[in-house]
Protein chains: 2
Amino acid sequence: MIKTELTEILQALGDPVRLAIVSELAGGETRACGSFTHLGVSHSTLSHHFKVLREAGVIETHPEGSARLNTLRRERLDARYPGLLDSVLAAGKA
Amino acid sequence: MIKTELTEILQALGDPVRLAIVSELAGGETRACGSFTHLGVSHSTLSHHFKVLREAGVIETHPEGSARLNTLRRERLDARYPGLLDSVLAAGKA
DNA sequence: CTCTGATTTCGACGACAATCGAAATGAACG
DNA sequence: CGTTCATTTCGATTGTCGTCGAAATCAGAG
């Protein structure tokens, strides 16, 4: 299965936990990894999902003190795939 | 993993073969299942992918003579998830 | 330097997904 | 009804995915 960049993004967003993460990051606020425990998965699983989103180019992580803050790479996604993120987020909110 | 309707659609579109099928159906033409052999997978695999797309509500299949014609359920998708299909198709074309 | 809190990596495991070939189904047609 | 063509289902295999707990890493505080 030859995975393209687009299918990788769609696949990354196609998991409920990851879609919830992206949805919560969509407000623009940067959030630490540890603030997602309410999603009901363990820390190691969360870390795995962050890695998938990072490798798909959906989020980026930069260390800030002892924690790591995650932000949505909205500009990059909007430039490369116009409207995609917005429609997914709008659909997820409804 | 509690799969929602949206994540099911995103996951369905997150496979290269299925995205290619949807892309080719986007012209509006209805195509028989058998006309996708150029994607490099067997008939049974094609049938499986059509089933996934059908169950996700992305396409519909109606028998026409001895063959089955597939069409994209564009109106339904556009109504439920405005802009989603268009942005995915535009991204896939670029 | 050690302790502490936050995150990642490491195996491991069960579930699911993509794929195939072969067999079954179904619909026209002689 | 039997043949033929198109599609689906079946059974099997192989690989990937989501998940966990435990161990490793890493950055700051004492």
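**Exercise 1. Determine how the axes of α2(B) and α3(B) cross, and which residues make the contact.**

Solution. Step 1: in this predicted model, the axes of α2(B) and α3(B) approach within 10 Å and cross at roughly 70 degrees. Axes are lines fitted to C-alpha atoms, for helices over the stretch in contact, and angles run from 0 to 180 degrees between N-to-C directions. Helices (H or I, at least four residues) and strands (E, at least two) are DSSP runs, numbered from the N terminus.

Step 2: α2(B) is therefore roughly perpendicular to α3(B). Angles under 35 degrees count as roughly parallel, over 145 as roughly antiparallel, 65 to 115 as roughly perpendicular and the rest as oblique.

Step 3: α2(B) contributes B:V17, B:R18, B:I21 and B:V22 to the contact, and α3(B) contributes B:H49, B:V52 and B:L53. Two residues are in contact if their C-beta atoms, placed from the backbone, lie within 7 Å.

Step 4: by class, five residues of this contact are nonpolar, one is polar and one is charged. Ala, Val, Leu, Ile, Met, Phe, Trp, Tyr, Cys and Pro count as nonpolar, Asp, Glu, Lys and Arg as charged, and the others, Gly among them, as polar.

Conventions: residues are numbered from 1 along each chain as its sequence is written, while chains are lettered from A and ligands numbered from 1 in the order in which they are written. As the model is predicted, local features need pLDDT of at least 70 and side-chain atom pairs count only at pLDDT 80 or more, whereas totals for chains, interfaces and linings use all residues.

**Exercise 2. Carry out the analysis for α2(A) and α3(A).**

Solution. Step 1: the axes of α2(A) and α3(A) come within 10 Å, with a crossing angle of roughly 70 degrees. This makes α2(A) roughly perpendicular to α3(A).

Step 2: A:V17, A:R18, A:I21 and A:V22 of α2(A) meet A:H49, A:V52 and A:L53 of α3(A).

**Exercise 3. Describe the contact of chain A with chain B.**

Solution. Step 1: chain A and chain B supply 23 residues each.

Step 2: on the side of chain B that touches chain A, α1 (5–13), α2 (16–25) and α5 (84–93) of chain B each give at least two residues. α5(B) gives the most, with seven residues.

Step 3: this side of chain B has 13 nonpolar, seven polar and three charged residues.

**Exercise 4. Identify the residues with the most contacts inside the largest nonpolar core.**

Solution. Step 1: the core has 42 residues, and A:L13, A:V22, A:V58, B:L13, B:V22 and B:V58 have the most contacts inside it. A nonpolar core is a set of buried Ala, Val, Leu, Ile, Met, Phe, Trp, Tyr and Cys residues joined through C-beta atoms within 7 Å.

Step 2: α1, α2 and α5 of chain A and of chain B each give two or more residues to this core.

Step 3: beyond four places in sequence, A:V58 touches A:I9, A:A12, A:V22, A:L53, A:R73 and A:L77.

**Exercise 5. Which residues come nearest to DNA strand C, and which to DNA strand D?**

Solution. Step 1: around DNA strand C there are 26 residues, of which A:A32, A:G34, A:S44, B:S44 and B:T45 come nearest. A residue is near a strand if its C-beta atom, placed from the backbone, lies within 6 Å of it. α3(A) gives the most to this surface, with six residues.

Step 2: around DNA strand D there are 24 residues, of which A:S44, A:T45, B:A32, B:G34 and B:S44 come nearest. The largest share of this surface, five residues, comes from α3(B).

Step 3: the surface near DNA strand C has nine nonpolar, 14 polar and three charged residues; that near DNA strand D has nine nonpolar, 12 polar and three charged residues.

**Exercise 6. Classify A:N70, A:R73 and B:S66 as buried, partly exposed or exposed.**

Solution. Step 1: a residue is buried if 20 or more other C-beta atoms, placed from the backbone, lie within 10 Å of its own, exposed if 12 or fewer, and partly exposed in between.

Step 2: A:N70, in strand β3 of chain A, is buried because it has 24 C-beta neighbours inside 10 Å. Among its contacts beyond four places in sequence are A:L25, A:F50 and A:I59.

Step 3: A:R73, in the loop between β3 and α4 (74–80) of chain A, has 18 such neighbours and is therefore partly exposed.

Step 4: B:S66, in the loop between β2 (59–64) and β3 of chain B, is exposed, with 6 other C-beta atoms within 10 Å.
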